[in-house]
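Have the structure open as you read.

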Amino acid sequence: MKQLFDDVSFKCSKLVTKNYSTSFSLAVYMLSPSIREAIYSVYGFVRFADEIVDSFHGYEKETLIHDFETEYYKAYHSGISLNPILNSFQLTVKRYNISDDLIQAFLKSMKLDLVKTEYHSKEEYEEYIYGSADVVGLMCLKVFVDGDIEKYNLLKDEAMRLGSAFQKVNFLRDLKDDNLVLNRTYFPGVDLNSFDENAKQAIISEIEEDFKVAFQGITKLPMEAKFGVYTAYVYYKKLLNKLEKTPSHKIGTARIRVSNYTKAGLLAQSFVTYKLKLV
């Protein structure tokens with residue numbers, strides 16, 4: 001009967017994904033059914049860790065993230081956890097041979113959010129992004145290539161650049177909340193009080209370069225993964241385009257979004273592009 005519990009665990013991870021991110025959930029749905037559950041489980045794990053450090057105000061966040069990590073390793077070693085999110089994730093880690101250094105790097109960045117509020121150098125900034133985003137891209141890539149080490153090594157750099165691009169877009173979109181609610185500044189040398197068009201454009205140019213490199217990797221992905229990843233890419237490119245058109249002072253005072261109507265249009269556009277084999 002363990003299989004029944006495992007099935008329920010993966011369904012819980014899917015529920016987490018659908019409720020926390022309609023955009024990512026849509027992209028996952030565009031993946032082959034054979035790999036959707038695994039990607040849902042990765043998202044569930046990273047989402048819960050991120051919620052601990054970003055949202056659970058008034059609770060002992062240090063204790064929560066420590067317990068979350070401890071319970072994950074208990075689940076990994078025992079093969080089961082009554083926390084369905086951790087149960088599904090440990091199954092995916094084993095099934096796709098996700099290396100522990102990726103998980104440790106991710107948890108390190110999450111813990112930094114509890115104690116660090118500013119990133120003064122490019123090195124600090126890149127280390128945080130590696131742990132919070134690049135390694136998540138690598139975890140997903142492990143699923144996409146399904147044990148093909150040669151393919152993984154071929155696409156590793158591009159997967160990291162796509163993770164970086166997504167994270168930097170999130171940083172730019174969430175500039176107001178990160179600064180005013182969480183008291184964090186991720187971009188080195190960027191002060192919300194003096195954030196202007198030049199600072200915004202410098203960040204956007206950096207993200208566009210990440211996207212340029214990442215796109216080359218998307219074209220080489222296995223068919224099971226290509227359309228779903230491309231869908232996410234198109235969505236984030238649209239969000240970046242909206243941020244570029246938004247005056248810098250408004251980015252610091254409002255959260256820019258892509259409407260559901262626009263998302264539907266982007267999905268249709270992505271489907272046509274994919275079917276025409278332009279990606």
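Predicted model: local features only at pLDDT ≥ 70, side-chain atom pairs only at ≥ 80, totals over all residues.

Glutamate 206 belongs to helix 10 and lysine 168 to helix 8, so the pair ties together parts that are 38 residues apart in sequence.

Which partner is buried, and which is partly exposed? Lysine 168 is buried, with a relative accessible area of 8%, while glutamate 206 is partly exposed, at 32%.

## A second pair and a network

Aspartate 210 and arginine 161 also form a salt bridge through their side chains (2.6 Å, N to O). Here aspartate 210 sits in helix 10 (residues 197-218) and arginine 161 in helix 8 (residues 149-173), so this pair joins parts 49 residues apart in sequence. Aspartate 210 is buried, with a relative accessible area of 4%, whereas arginine 161 is partly exposed, at 27%.

Put together, Arg161, Lys168, Glu206 and Asp210 are linked in a network of salt bridges. The structure as a whole holds 17 salt bridges.

Arginine 47 forms a salt bridge with aspartate 50, and their closest N and O atoms are 2.6 Å apart. Both residues lie in helix 3, three residues apart, about one turn of the helix. Both arginine 47 and aspartate 50 are buried.

## Helix 3 beside helix 4

The axes of helix 3 (residues 33-54) and helix 4 (residues 61-78) come within 8 Å and cross at roughly 160°. That makes helix 3 roughly antiparallel to helix 4. The contact between helix 3 and helix 4 has nine nonpolar, no polar and two charged residues.

Technical notes: Residues numbered from 1 in each chain as written. Heavy atoms only, no water. Axes fitted to C-alpha atoms, helices over the stretch in contact; angles between N-to-C directions. Helix = DSSP H or I, 4+ residues; strand = E, 2+ residues; numbered from the N terminus. Parallel < 35°, antiparallel > 145°, perpendicular 65-115°, else oblique. Nonpolar A, V, L, I, M, F, W, Y, C, P; charged D, E, K, R; others polar. Salt bridge = Lys/Arg side-chain N within 4 Å of Asp/Glu carboxyl O. Buried < 20%, exposed > 50% of the residue type's maximum accessible area, 1.4 Å probe, protein only.
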